[in-house]
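I am opening the notebook on this protein. The entries below record what I looked up, in the order I looked.

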Amino acid sequence: MFENQLHIVNETIVFSPFSSENIQVVIKREDKIHPFISGNKFRKLKYNVGSAIESNKASMLTFGGAYSNHIAAVASAGRLAGLKTIGIIRGEELANNYFDNATLCFAEENGMELHFISREAYREKEDQAFIKQLKQSYGDFYLIPEGGTNELAIKGCAEILTEADKEFDYICTAVGTGGTLAGLVKASEEHQHILGFSALKGNFQKKIVNKFSSKTNFAITDDYCFGGYAKIDSELIRFINTFRRETTIPLDPVYTAKMMFGISDLIKSGYFKENSRILAIHTGGLQGIAGMNQMLKKKQMQQIDI
Ligand SMILES: *Cc1c(COP(=O)(O)O)cnc(C)c1O
């Protein structure tokens, strides 16, 4: 899948809260891979789409919420690869009410068939009987789990790190399911510390990392999850807009902003030793800003600058 177009750059961040300390922060612009199959979603889909084609499947089916970067990425990747896509979306109430939802409209425009189910039914998404039922409705699809995390996804995520990245002491990423973190841990050097900033409460993603790698040079914190998945407040919005103004780099509110806020706070609190070199992975997700801004508008809160 357009591998030849991959030219990811590492950019040194010049941001005033970082400059007082003798610490270098570099950001890997994975968000520039593609506007919709961006960052880690490209990495996670690369080998899965290849496998779907090889196994002669006509379609890919996956799961996600109404603002899911994964849903947008699968729809876009399916279209490019000539595979039909089916999205099982959490929330029955959306079925006749998603026409102002940028993510779901984008997915549909890219040929994804959307199927809305209740939150209870959604919990069964890993249940074999439920998958069988879906196969009766949609044929013999290639199944991609929620968030896209499986063995092939982790193989793809391990490719985020290059030879040149071995010089870094810390590698930071936002964490959802933990698949990206698992890939980074797998690809890391022994002297490197991999820090995962959970976008939701808990550090249950540890299990995923342990499943795919025996290395222990990683840690997960949910100290910067701002109360939970997709929850944000005016402090985080201000941080996103200030960071954008000073560095020109856009951050998404659900994942990368929470990571960068966390890095900033850990630098301030003296967590990193002097002369540390930190690599932060920009995992993408910028398509979600439009949806978040719509919600902020309803709540009469400040917008994220775009
Ligand atoms: C999905 C996503 C993540 C989380 O990745 P996991 O592999 O599920 O931990 C992080 N950042 C962005 C921008 C994402 O879209």
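**Entry 1: conventions and overall build**

For secondary structure I used DSSP runs numbered from the N terminus: helices are H or I runs of at least four residues, and strands are E runs of at least two. By that definition I found twelve helices and ten strands in the protein. I then looked up the radius of gyration, which is 19 Å; the globule rule gives 19 Å for 306 residues, so the protein is as compact as a globular protein of that length. The radius is taken over C-alpha atoms, and the globule rule is 2.2 Å times the number of residues to the power 0.38.

The model is predicted: local features need pLDDT of at least 70 and side-chain atom pairs count only at pLDDT 80 or more, while totals for chains, interfaces and linings use all residues. Residues are numbered from 1 along each chain as its sequence is written, and side-chain values use heavy atoms, with hydrogens and water left out.

I took the box along the principal axes, and the C-alpha atoms fill roughly 60 × 45 × 35 Å.

I call a residue buried under 20% relative accessible area, exposed over 50%, and partly exposed in between (1.4 Å probe, protein chains only). Buried residues make up 54% of the 306 residues.

A contact here means heavy atoms within 4.5 Å. Of the contacts with a separation of 6 or more, 74% come from residues 24 or more positions apart.

The exposed surface comes to about 14000 Å², with carbon and sulfur atoms supplying 49% of it. These areas come from the Shrake-Rupley method with a 1.4 Å probe, and for residues only the protein chains shown count as cover.

For charges I counted Lys and Arg as positive and Asp and Glu as negative, leaving out His and the chain ends. Each charge is placed at NZ of Lys, CZ of Arg, CG of Asp or CD of Glu. The 35 positive and 35 negative charges have mean positions 2 Å apart.

**Entry 2: the annotated lysine and its partner**

Which residue does UniProt annotate as "modified residue: N6-(pyridoxal phosphate)lysine"? The unreviewed entry puts this feature on Lys41. UniProt positions are given in the numbering used here, feature names are shortened, and annotations may be inferred rather than shown by experiment.

I located Lys41 in helix H2, residues 39–54. Is Lys41 buried or exposed? Its relative accessible area is 10%, so Lys41 is buried. Leaving out neighbours within four places in sequence, I listed Asn69, His70 and Ala73 as the contacts of Lys41.

I followed Asn69 next. Asn69 sits in helix H3 and counts as buried at 12% relative accessibility. With neighbours within four places again set aside, Asn69 contacts Lys41, Tyr255, Gly285, Gln287 and Gly288. I also checked Asn69 against Leu286: the two are 217 residues apart along the chain, and their C-alpha atoms are separated by 8.4 Å.

**Entry 3: the annotated active site**

The unreviewed UniProt entry places the feature "active site" at Ser68. Ser68 lies in the loop between S3 and helix H3 (69–81). Its relative accessibility of 11% makes Ser68 buried. Beyond four places in sequence, I found Ser68 in contact with Thr103 and Gln287. Gln287 is also on the contact list of Asn69.

**Entry 4: two buried helix residues**

Val209 is in helix H9, residues 206–212, and has a relative accessible area of 0%, so Val209 is buried. Not counting residues up to four places away, Val209 touches Gly178, Leu181, Ala182, Val185 and Phe218. From Val209 to Ser38 I noted 171 residues in sequence and 22 Å in space, C-alpha to C-alpha.

Phe261 is in helix H11 and counts as buried at 15% relative accessibility. Apart from neighbours within four places, its contacts are Tyr224, Phe226, Glu235, Leu236 and Phe239. Phe261 and Thr248 are 13 residues apart in sequence and 16 Å apart in space, C-alpha to C-alpha.

**Entry 5: positive phi**

I looked at two asparagines in loops. Asn56 has phi near 60 degrees, positive in a residue other than glycine. Asn56 falls in the loop between H2 and strand S3 (59–64), and at 70% relative accessibility Asn56 is exposed. Asn275 has phi near 65 degrees, a positive value in a residue other than glycine. Asn275 falls in the loop between helix H11 (256–268) and strand S10 (277–281).
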